[in-house]
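I opened the notebook to go through one model, site by site.

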Amino acid sequence: MGRLAIWAGCIGVAGLALATPAPLTAEPYSWPIPAWMPPPPVPADNPMTTQKVDLGRHLFYDARLSADGTVACVSCHVQDRAFTDGREVPVGINGTFGIRNAPGLANAGYVPMLTWANPHMTSLEFQALMPLFGDNPDEMGNNGQEAALFARLAADPYYATAFPDAFPDRPAPDLFTVTRALAAFQRSLISVDSPYDRFKYWGDKDALSDAAKRGEQLFFDHRFECYHCHSGIHFTENLQTSRSAFAETGFHNTGLYNIDGAGAYPANNTGLMELTGDPADMGKFRTPSLRNVALTAPYFHDGSAATLDEVLDHYRQGGRSIATGPHAGHGATSPLRDGMIVGNSATKAEIADIIAFLESLTDTGFLTNPAYADPWPADHPAVADRVLP
Ligand code: HEC
Ligand code: HEC
């Protein structure tokens, strides 16, 4: 983390903005969003242009971003899974296992605090340093090999023109340009066209099944409390738009685990407390968005629930009571459990309706949008050795 903080200074996040005026030739980016949806906030030193977004897309899919040419961002963030990987925890370079489930990237630009439990991770520009250079867990293996990474990119004929087109004043691949292009591409990942959106915002009464309509009523009912935490336009209280006066955020202990007899909490599950040091934050994780959630299994910060049924059963029981196995946990009796996770009396039919509602949040256009897809030809060196999940 110390190392990342130093880089944050170098690349000009955290307020030390290096000015990159938009080039005269830059095509202003046009957001693929309806009028009812404000665009995400855009940092003053990283304006959106079509050239930059396209460069970012090439970088996102390019496995030469990893030290051995096998791992690209797409190795853990796949479009047709709403940019998740289908694994409990991801596998990075040299088969290294991560410790947290890979979150989806739909509407990443609206997320004020990125990753599961880090209140300091406030920009996509800064976040990109983690997979690129982080070594705990090692995802792309470039720690200490920065110069080699940028030399590899500079040698590619596409990048030889794409970097100057996107950054006329600073035309080489470096920390500043690579992280900004990746962030611009990720800000372009907008998903607001699910059947539920058509029902709710466009007035298409036939867009939802009767089961999904019943599920919507239950989701927004006090008996279940879902909407208290999964609130607002993206079904999460973590939200910032270009019109927000301030970032809304929310972290909770949903009763997965508990303190053991020795006063310890299971390793890698202490959540927000890791960075705040506050014991009251033990086991708290960020409330995730539920858009496209039917495609992003397995669930929770550690991928410990395989299906939506398991998640709903977790809430029905007011937390976890699993005695043995890799996901053993006794959070249902934890004093740290959030006051809204108290169990409910959902019937099987009600759970099926809530799941039908959650399934209506799947935006198939997002999953197949060519603007977000892999731009490289299959035999290109960028992807020749790339491993996908
Ligand atoms: C080896 C798997 C892996 C690779 C490769 C990877 N990621 Fe991730 N990504 C993750 C995991 C795991 C997390 C959650 C980390 C955490 O919460 O501690 C994550 C989190 C994120 C987030 C935060 C999303 C949110 O809603 O909080 C963004 C943005 C992101 N990754 C972008 C990228 C980009 C850009 C790249 C390529 C430079 C990349 N990732 C490469 C596994 C990966
Ligand atoms: C007290 C706040 C709160 C309430 C109430 C709540 N959730 Fe959650 N939800 C969270 C948090 C926080 C997580 C992530 C927990 C973790 O991974 O440790 C989560 C995770 C989830 C996930 C997994 C998403 C993913 O990407 O892994 C689903 C699905 C979900 N909740 C649905 C619901 C439903 C349906 C309800 C109502 C029955 C509900 N939630 C009630 C806060 C809440």
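**Entry: Asp-85.** I began with Asp-85, which sits in the loop between H2 and H3. I noted that the model is a predicted one. Is Asp-85 buried or exposed? Its relative accessible area is 3%, and buried means under 20%, so I logged Asp-85 as buried.

I then listed its partners. Setting aside neighbours within four places in sequence, Asp-85 is in contact with Ser-75, Cys-76, Pro-90, Ala-102 and Pro-389. I also found a polar atom of the Asp-85 side chain 3.0 Å from the backbone nitrogen of Arg-87. Asp-85 and Arg-291 are 206 residues apart in sequence, and their C-alpha atoms are 16 Å apart in space.

**Entry: ligand 1.** Cys-76, a contact of Asp-85, took me to ligand 1, where Cys-76 is among the residues that come nearest.

Which protein atom is the donor to the iron atom of ligand 1? I found only NE2 of His-77, at 2.1 Å. His-77 lies in the loop between helix H2 (50-60) and helix H3 (124-127), and Asp-85 is in the loop between H2 and H3 too.

An N or O atom in the side chain of His-77 is 2.9 Å from a nitrogen atom of ligand 1. Thr-115 uses its backbone: an N or O atom there lies 2.5 Å from an oxygen atom of the ligand. For Gln-127, I read 3.5 Å between an N or O atom of the side chain and a ligand nitrogen atom.

By class, I counted 15 nonpolar, six polar and three charged residues in this shell. H3 and helix H7 (175-187) each supply at least two residues of it.

**Entry: helix H7.** I followed H7 next. How many of the 13 residues of H7 are buried? I found 13 of the 13, so H7 is largely enclosed by the rest of the structure. At 1.5 Å a residue, H7 should span 18 Å, and its end C-alpha atoms are 18 Å apart, which agrees. The N-terminal end is capped by Asp-174, with a side-chain oxygen 3.1 Å from the backbone nitrogen of Phe-176.

**Entry: ligand 2.** I moved on to ligand 2, which has 23 residues around it. The closest are Cys-226, Cys-229, His-230, His-301 and Tyr-315.

A polar side-chain atom of His-230 is 2.8 Å from a nitrogen atom of the ligand. A polar backbone atom of Phe-300 is 2.8 Å from an oxygen atom of the ligand. The side chain of Tyr-315 has an N or O atom 2.7 Å from a ligand nitrogen atom. Helix H10 (226-229), strand S2 (285-286) and helix H12 (308-316) are the elements giving two or more residues to this shell. H12 gives the largest share, three residues. The classes came out as 15 nonpolar, five polar and three charged.

**Entry: Thr-236.** I finished on Thr-236, in the loop between H10 and strand S1 (251-252). Its relative accessibility is 6%, so I logged Thr-236 as buried. Thr-236 touches Cys-229 and His-230, among others, and both are among the residues closest to ligand 2. Thr-287 is another contact. I found its backbone oxygen 2.8 Å from a polar atom of the Thr-236 side chain.

Methods
Residues are numbered from 1 along each chain as its sequence is written. Chains are lettered from A and ligands numbered from 1 in the order in which they are written. This is a predicted model: local features need pLDDT of at least 70, side-chain atom pairs count only at pLDDT 80 or more; totals for chains, interfaces and linings use all residues. Side-chain values use heavy atoms; hydrogens and water are left out. Donors are N, O and S atoms within 2.8 Å of the metal (3.2 Å for Na, K and Ca); water is not among the atoms, so sites may look incomplete. Helices (H or I, at least four residues) and strands (E, at least two) are DSSP runs, numbered from the N terminus. A residue is near a molecule or strand if one of its heavy atoms lies within 4 Å of it. A polar contact is a pair of N or O atoms within 3.5 Å; within protein, one must be able to donate a hydrogen and the other to accept it, and residues adjacent in sequence count only if both atoms are side-chain atoms. Ala, Val, Leu, Ile, Met, Phe, Trp, Tyr, Cys and Pro count as nonpolar, Asp, Glu, Lys and Arg as charged, and the others, Gly among them, as polar. The expected span of a helix is 1.5 Å times one less than its number of residues. Buried means under 20% relative accessible area, exposed over 50%, partly exposed in between (1.4 Å probe, protein chains only). Contact means heavy atoms within 4.5 Å.
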